[in-house]
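The sequence and structure are shown first.

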Amino acid sequence: PIKNAFLNRIKKLKELREEGQSPQQIASFFGDVTRNAVIGKIHRLGLSGPGVGKPKPVTMPTYSFMKK
């Protein structure tokens, strides 16, 4: 029973993360864990946050000395 409860919490954590919930929102949902505990578990499970690992678009720098 304890293992099933643990696995259900992990499953729910993954679902909430895939929905785009923040660690703070997930911690509030469970109520008995901290934001930092959620961040640690997300890291250990290999779940990335929204935008994590996506390359930033390359832009050309603008230089004031190039202006006429």
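## Basis of the model

The model is predicted, and local features need pLDDT of at least 70, side-chain atom pairs count only at pLDDT 80 or more, and totals for chains, interfaces and linings use all residues. Residues are numbered from 1 along each chain as its sequence is written, and side-chain values use heavy atoms, with hydrogens and water left out.

## Architecture and surface

The protein contains 3 helices and 0 strands, in the order α-α-α from the N terminus. Helices (H or I, at least four residues) and strands (E, at least two) are DSSP runs, numbered from the N terminus. Helix α3 is followed by G46, a residue with a positive phi near 80°.

Of the 68 residues in the protein, 18% are buried. Here buried means under 20% relative accessible area, exposed means over 50%, and partly exposed lies in between (1.4 Å probe, protein chains only).

## Packing of the helices

In α3, the buried residues are V38, G40 and I42. They pack against α1 and α2 (23-30). A contact means heavy atoms within 4.5 Å. Among contacts between residues at least 6 apart in sequence, 41% join residues at least 24 apart.

Helix α3 also holds I39, which is partly exposed, with a relative accessible area of 33%. I39 and I26 are separated by 13 residues in sequence and by 9.6 Å in space, C-alpha to C-alpha. S22 is located in the loop between α1 and α2 and is partly exposed, at 27% relative accessible area.

## Salt bridges

Side chains of opposite charge can pair when their charged atoms come close. The whole structure has 2 salt bridges, each defined as a side-chain nitrogen of Lys or Arg within 4 Å of a carboxyl oxygen of Asp or Glu. In one of them, D32 pairs with R9, and the closest N and O atoms are 2.9 Å apart. Because D32 belongs to the loop between α2 and α3 and R9 to helix α1, the pair ties together parts that are 23 residues apart in sequence. D32 counts as exposed, at 55% relative accessibility, whereas R9 counts as partly exposed, at 33%.

Another salt bridge joins E15 to K12, with 3.8 Å between the closest N and O atoms. Both residues lie in helix α1, 3 residues apart, about one turn of the helix. An α-helix has 3.6 residues a turn, so residues three or four places apart point the same way. E15 is partly exposed, with a relative accessible area of 31%, and K12 is partly exposed as well, with 27%.

## The largest pocket

Rolling a probe the size of a water molecule over the atoms shows where empty space is left. On a 1 Å grid over the protein atoms alone, where a 1.4 Å probe is fitted, a pocket is an open set of points with protein on both sides within 12 Å along at least five of seven lines; lining residues have an atom within 4 Å of a point. Grid points are joined across faces, edges and corners, and a volume is the space filled by probe spheres set on the points. The largest pocket holds about 160 Å³ of space.

Its lining consists of F6, R9, I10, L13, F30, V33, A37, V38 and K41. Two or more of these residues come from each of α1 (2-18) and α3 (35-45), and α1 gives the most, with 4 residues. By class, the lining comprises 7 nonpolar, no polar and 2 charged residues. Ala, Val, Leu, Ile, Met, Phe, Trp, Tyr, Cys and Pro count as nonpolar, Asp, Glu, Lys and Arg as charged, and the others, Gly among them, as polar. R9, which lines this pocket, is also the salt-bridge partner of D32, and V38, another lining residue, is among the buried residues of α3.
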